[in-house]
Amino acid sequence: MDFRVGADGTIFAARELWIPAEEVAFTVTAWDRQMAQRWDALVRLLVAQTSSPRSGHKMPQMPQKGKKTPALDLTPPPSDMLLPWPQHPPSSGLGLRRQKRDWVIPPINVPENSRGPFPQQLVRIRSDKDNDIPIRYSITGVGADQPPMEVFSIDSMSGRMYVTRPMDREERASYHLRAHAVDMNGNKVENPIDLYIYVIDMNDNRPEFLNQVYNGSVDEGSKPGTYVMTVTANDADDSTTANGMVRYRILTQTPQSPSQNMFTINSETGDIVTVAAGLDREKVQQYTVIVQATDMEGNLNYGLSNTATAIIAVTDVNDNPPEFIASTYAGEVPENRVETVVANLTVLDRDQPRSPNWNAVYRIISGDPSGHFTIRTDPVTNEGMVTVVKAVDYELNRAFMLTVMVSNQAPLASGIQMSFQSTAGVTISVMDVNEAPYFPSNHKLIRLEEGVPPGTVLTTFSAVDPDRFMQQAVRYSKLSDPASWLRMNATNGQVTTAAILDRESLYTKNNVYEATFLAADNGIPPASGTGTLQLYLIDINDNAPELLPKEAQICEKPGLDTINITAADADIDPNVGPYVFELPFVPAAVRKNWTITRLNGDYAQLSLRILYLEAGVYDVPIMVTDSGNPPLSNTSIIKVKVCPCDENGDCTTIGAVVAAGLGTGAIVAILVCIVILLSEYG
């Protein structure tokens, strides 16, 4: 069979045809099984001919790649496609019942991109009543009297329906019109019928990729079958026909290493996967793959094609352990220096620079038990910077022999075994520098009694020069000696007194006198250190007590004629109280008038021995003795003013006191002031 008809009425060739005639005619039958009715339509196909160079016969013209012309023009001749107006079937003896609906008119198929000429007849609509009366035909709907307007037209008298221009299925795939039949007066003679017009797809659209360039990635070392990416192309043609069925294939791969077929593509889904092993980022970092999409289910002879570019980056995995480029490294560092880079370690790593697969991590595995060094990684160069973090001493260690190991920040990729751990030796020489002398005991404290005589040897305050391997001399001098009490031997550091040490001096704080000394060597350049000597002065009883107060006042009235007295002593316990207060050997008149009564160890009471003593100022000598060993005594005069007092113990007049205690000039001055005041306010 040369032709087939689809369920929608589409007629197409069942195989490749060679038809010598210019026209093919056959009948198409449509059935309505529910209504037990059938329609027959005669179809004539015009065959486009082409000459055969060999036989001279006209062969069917097959579509060429890139052309939109169909192989066979299946458009029915305009005069033979007649659509009679559907009628209700008559009732029959077969028991079929009349239906309430009209019969369904078969759809009208119009190929897109027809080259005309236009208007091109599609069908003829006819009512069987036009044998009796004149009929006027019309069509309504989208494409007729609704936008887009006048795509279809109808001859109102003959019922011939036309398409007025080429159709584009991708613009609109179907139209629904209604056909009307009225008499010359406009009266309806038939019920409207539905006309369905389908635009038959032709392969007039190439597949279009969603992107012209696709970017994907795949890990190096991936196994065959690893998914990489998906490319997608859409075809505007009918996807239910071969016109819109797209298939994919890979055209080229650049570079073609290590194989020219490193990838494959699923022809239907566009999924790109690896097909060969050997992806190695260190050899090929990126592949450029040209992908072709072809419709007609990939038929390259008839289908339309398009291409896109897939950029596949080979992503890094940690499949290359870092390796030292040398087996030994050397550096040097001055002693007592910290935060100094003493050596730079260089490694080779072929993985992606500045990634965790490339970043080196260094570790000291032996040779530094005290933790003098650490290794930091330079983030730009990946070098290991051996850095001193704890000062080294030339006199203890002249060199260090370190063993270091390197690894990556990221672990090695699964399945990658490291045949060895890259290690290297680092020799660090320590340079001797001139170190300052230092005083082993600083601050140095010695205890001694105050009052030692000048020239007394106190101590030898000497410094130590840590440079045991340098022949150097140390000289001493004073930096601070606030009271100039000390001397220091410049050669051996012996300290002697230059004056009497006094605990009660203003230069002594909390019994301690402090002096600072300098020790300097003769190195190049010279170095020096300081030391502090503290003298804790033990108190001796070298200060006699002082009577307090120096002046006092008592009333001549009995009962208010006592004074509390005490003493102050610059010394400290046990060279202070309890004190002894007594009247020394004095004239009998003093002893007659005054008496001292002990209150406690620090206080006594001076009072009148007689009932009345004339007002005036009296000097009373009192001797105070401390409790030191030996004790010290001091006799002081207390001036006692005796005056008449009121009931509160306050003096009421000063005449007698003034007369007794002031000189003639003072009295005259007071009187003059009184006269002046009286004259101003009188």
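Tutor: Buried means under 20% relative accessible area, exposed over 50%, and partly exposed in between (1.4 Å probe, protein chains only). Asn634 has a relative accessibility of 18%, so this residue counts as buried. The model is predicted: local features need pLDDT of at least 70, side-chain atom pairs count only at pLDDT 80 or more, and totals for chains, interfaces and linings use all residues. Residues are numbered from 1 along each chain as its sequence is written, and side-chain values use heavy atoms, with hydrogens and water left out.

Asn634 belongs to strand E47, residues 633-643 (strands are DSSP runs of E, at least two residues, numbered from the N terminus). A polar atom of the Asn634 side chain lies 3.0 Å from the backbone oxygen of Pro545. Beyond neighbours within four places in sequence, Asn634 is in contact (heavy atoms within 4.5 Å) with Ala544, Pro545 and Glu546, and also with Ile622, Met623 and Val624.

Turning to sheets, four strands form an open sheet in the order E33-E39-E38-E35, with mixed pairing (two strands pair if DSSP finds at least two bridges between them). Its edges are E33 (444-449) and E35 (474-480), each pairing on one side only. Within this sheet, E38 (residues 512-521) and E39 (residues 528-538) run antiparallel, joined by 9 bridges; Tyr513 stands opposite Leu535 in E39.

Another open sheet, of 3 strands, has the order E17-E21-E20 and antiparallel pairing. E17 (227-230) and E20 (263-265) each have a single partner strand, so one side of each is left without a neighbour in the sheet. E17 pairs with E21 (residues 271-274) over 3 bridges, and Met229 stands opposite Ile272 in E21.

Definitions and conventions
A polar contact is a pair of N or O atoms within 3.5 Å; within protein, one must be able to donate a hydrogen and the other to accept it, and residues adjacent in sequence count only if both atoms are side-chain atoms.
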